[in-house]
Amino acid sequence: MISFTVMAITFGVVFLAELPDKTALAGLMLGTRYRASYVFAGVAAAFAVHVGLAVAAGSVLTLLPQRLVQAVVGLLFLAGGLMLLLKRDGGEEESIKAPADQSFWKVSGAGFMLILVAEFGDLTQIMTANLAARYDNPLSVGLGAVLALWAVAGIGILGGRTLMKYVPLQLITRIAAALMLALAAFSLYEAVAG
């Protein structure tokens, strides 16, 4: 059964954690060179694969004792929140090899491969697995995570630079870190109080 609360929590955590990530930049760079719908199709497919893997990993965690899972999830959320707080903005630009032509398969394939490689083991993939373990509702977590990642990709492809003019990246990063630290505290409390 789908829980809109779990979907909303997952969406918020994943969206805020992914927004300051390299994906928005990569999407922006591809979106300025190629047809946005082609880029989005490839990027969206890659994110669906990543979320599927993360939810499967998180579902395996639910087979472990609940207190242990809560402690592990809490520690991982804590690590994720601290990583966001301590993250240095190096201003690095990813180099993207342009496909030779503008066909749907070449452009979407370039977007798919870029995201598939760049995002494997990324913070949001780990957070999605944590959320799947925490809530034991893989469908709701999966939908929330996919929608969040697709939203970030869409924002990146269609105008990430404009958004960053109005909302400081540092503020977005701090909000994401605060959410993760709150989830860490709640999970660790449940593990201890259990």
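Me: Where does Arg134 lie relative to the ring of Tyr135?

Reply: The general idea first: a charge sits over a ring if CZ of Arg is within 6 Å of the ring centre and within 35 degrees of the ring normal. Here, in this predicted model, Arg134 lies over the face of Tyr135, at 5.2 Å from the ring centre.

Me: Is Asp136 buried or exposed?

Reply: Exposed means over 50% relative accessible area. Asp136 has 54%, so it counts as exposed.

Me: How do I read a pair of aromatic rings?

Reply: Two values describe such a pair: the distance of the centres and the angle of the planes. A search of the whole structure gives four aromatic pairs. Take Phe11 and Phe15: their ring centres are 5.5 Å apart and their planes are at 10°, so this pair is stacked.

Me: How far apart are Phe11 and Phe15 along helix α1?

Reply: They are four residues apart in α1, which means a separation of about one helical turn.

Me: What kind of pair do Phe104 and Trp105 form?

Reply: An edge-to-face pair. The centres are 4.9 Å apart, with 80° between the planes. Phe104 is partly exposed, with a relative accessible area of 32%. Trp105 is exposed, at 70%.

Me: Now the overall fold. How many helices and strands does the protein chain have?

Reply: Eight helices and zero strands. From the N terminus on, the elements run α-α-α-α-α-α-α-α. Of the 194 residues in the chain, 44% are buried.

Me: How do I read the largest nonpolar core, and which residues have the most contacts inside it?

Reply: Think of a core as buried nonpolar residues joined through side-chain atoms. The largest one here has 38 residues, and those with the most contacts inside it are Val39, Phe77, Leu131 and Met180. The elements giving two or more residues to this core are α1 (4–18), α3 (36–61), α4 (66–86), α5 (104–118), α6 (123–135), α7 (138–166) and α8 (169–193).

Me: Which helix gives the largest share of this core?

Reply: α7, with eight residues.

Me: Which residues line the largest cavity?

Reply: The lining consists of Phe47, His50, Val51, Ala54, Glu119, Asp122, Thr124, Gln125, Thr128 and Leu149. By class, four are nonpolar, four polar and two charged.

Me: Which helices each supply at least two residues of that lining?

Reply: α3 and α6 do. α3 gives the most to the lining, with four residues.

Key: Residues numbered from 1 in each chain as written. Heavy atoms only, no water. Core = buried A, V, L, I, M, F, W, Y, C linked by side-chain atoms within 4.5 Å. Buried < 20%, exposed > 50% of the residue type's maximum accessible area, 1.4 Å probe, protein only. 1 Å grid on protein atoms, 1.4 Å probe; cavity = no way out; pocket = protein on both sides within 12 Å on 5 of 7 lines; lining within 4 Å. Nonpolar A, V, L, I, M, F, W, Y, C, P; charged D, E, K, R; others polar. Phe/Tyr/Trp six-rings, centres within 6.5 Å; stacked < 30°, edge-to-face > 60°.
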